[in-house]
Amino acid sequence: MPVMLEGGCRVSHMHDGAPLVEGRLRIWSQVGRATGAQAISLRVMEFAAGMSPAIRNDDCDQILYVLDRDRVAVGDSSQGQAQSAPPLDQDSKDHAHPEGVRRTKELATIFIDGNGHEITPNTGIYIRPNETFAIDNAGPESITIISSQCPDPDRSPQFVSPPTSRSTANVPAPIVRLADQRAQPTADRWYRVLVDGDVGSTEVTQFVGSIPPGRAPDHFHNYEEVLFILRGEGRMWAGGTNTPIAPGSCIYLPKGQVHCVENTGTGELRLLGVFYPAGSPSVRYDV
C-alpha cells in the first residue's frame, strides 16, 4: 500500500493497485495528478511476448526506461521481500507465475511512428509529443518499462492503430544506452544522464544515480521528481518522516520538498530519476 510522508512525498510499490490491461500490455499508474502530483507521472508498463498495442503520446514529453530484470530484484518496499506480478498469458491473464525474479536478455524492438529501433535493458527512450509507439517483444519473458509524462495529461493511455513509418532524417536518435553515458561524480556519488536536450527533450531530464551506504544531508530541488529504485535497500526521508524502500519502490517528490534517500545496505543503492522542468541532477539545495 502507498505510504504518504511529510509534504506530499508518496512511496508505493510498482505493482500496487489494479493494472489497466490492454491486449498483451499491463499498466500500473503509481504517480500522477490523480495521486497529488502537479505535472509529472510514473507508470509501470509490462509488455508480454509479441506485439503490443500502439499507444499515442499526448501533447507532452514521454520518457521511458527499460528495466534489466537480471539486476532488478523486484522487492516489496514495505516488507523488503522479492515479489513479482503474475505474467499475462495468452490464454489467461491470471495464470500463476512461479516465485522469484524473471530474467530477460532478449532484444525487443520499439516502433516509434512506425520506425523500428532495437532496445535492450538499461535503455532510456524519448517519445516526442503526439508520437505513437509500440513494443515488439521477442520473448519469451515480459519486458518492464518505466514511463513518465510531463506535463501529465491526467487521462488513460490512448490506444490507436499503428501508424506507417515516416522520415526521421533530421531528428536525433531517441534511444540512449546507460553504458554509453559518462558517469558524472558528485561528492561520493555518481549519476549518468540519459534523456535530456541532447535527444530533443527540453522539458524533462532522466538519469540513473548511484548512492553509497549512508545518508547524505537533507536537501531540496526546484523541480518535481519521481524516483524508481533499481537495486539496494534503504529509507526514503521527507522532513522528519521516513519509510523503507527497495527495488520496485516508486517515489514522488513535490517541488521544494526537503528529503533524502538513505542507503541502509552494505552495497550500492541505484535509482532511476526523472524530473520536470529539466536541469542538472547535481543541482540541489542543502538545509
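Me: Where is the place of D154 in the chain?

Reply: Elements are read as DSSP runs, numbered from the N terminus (helices: H or I, at least four residues; strands: E, at least two), and on that reading D154 sits in the loop between β15 and β16. The model is predicted, so local features need pLDDT of at least 70 and side-chain atom pairs count only at pLDDT 80 or more, whereas totals for chains, interfaces and linings use all residues. Residues are numbered from 1 along each chain as its sequence is written, and side-chain values use heavy atoms, with hydrogens and water left out.

Me: What is the phi of D154, and is D154 buried or exposed, or in between?

Reply: Most residues other than glycine have a negative phi, and most peptide bonds are trans. D154, although not a glycine, has a positive phi of about 60 degrees, and with a relative accessible area of 45% it is partly exposed, a class that lies between buried (under 20%) and exposed (over 50%), with a 1.4 Å probe and protein chains only. N122, in the loop between β12 (115-119) and β13 (123-127), also has a positive phi of about 60 degrees without being a glycine, and at 25% relative accessibility N122 counts as partly exposed.

Me: Which peptide bonds are cis?

Reply: The bond from G139 to P140 is cis, with omega near 5 degrees, and P140 belongs to the loop between β14 (132-137) and β15 (143-150). The bond from C150 to P151 is cis as well, with omega near -5 degrees, and P151 lies in the loop between β15 and β16 (158-160), where D154 is also placed.

Me: Which residues lie nearest the centre of the second largest pocket?

Reply: A pocket is an open set of points on a 1 Å grid over the protein atoms alone, with protein on both sides within 12 Å along at least five of seven lines, and its lining residues have an atom within 4 Å of a point. Here 15 residues line the second largest pocket, and S29, G32, A34, R43 and D154 lie nearest its centre. Strand β4 (residues 25-31) supplies the largest share of that lining, three residues.

Me: How many residues line the largest pocket, and which strand gives the most?

Reply: The largest pocket has 29 lining residues, with R189, I211, H219, P281 and R284 nearest its centre. Among the elements giving two or more residues to this lining are β19 (189-195), β20 (205-211) and β23 (224-231), and β20 gives the most, with four residues.

Me: What does S210 touch?

Reply: S210, in strand β20, is buried, with a relative accessible area of 9%. Not counting residues up to four places away in sequence, S210 touches R189, W190, E268 and L269, where contact means heavy atoms within 4.5 Å. The side chains of S210 and E268 also make a polar contact at 2.7 Å (N or O atoms within 3.5 Å, one able to donate a hydrogen and the other to accept it; residues adjacent in sequence count only if both atoms are side-chain atoms).

Me: How many salt bridges are found in the whole structure?

Reply: A salt bridge is a side-chain nitrogen of Lys or Arg within 4 Å of a carboxyl oxygen of Asp or Glu, and the search finds eight. One of them pairs R284 with D286, the closest N and O atoms being 3.2 Å apart; R284 has a relative accessible area of 32% and is partly exposed, as is D286 at 48%. Salt bridges that share partners join R231, E268 and R270 into one network.

Technical notes
On a 1 Å grid over the protein atoms alone, a cavity is a set of points where a 1.4 Å probe fits but cannot get out, and a pocket is an open set with protein on both sides within 12 Å along at least five of seven lines; lining residues have an atom within 4 Å of a point.
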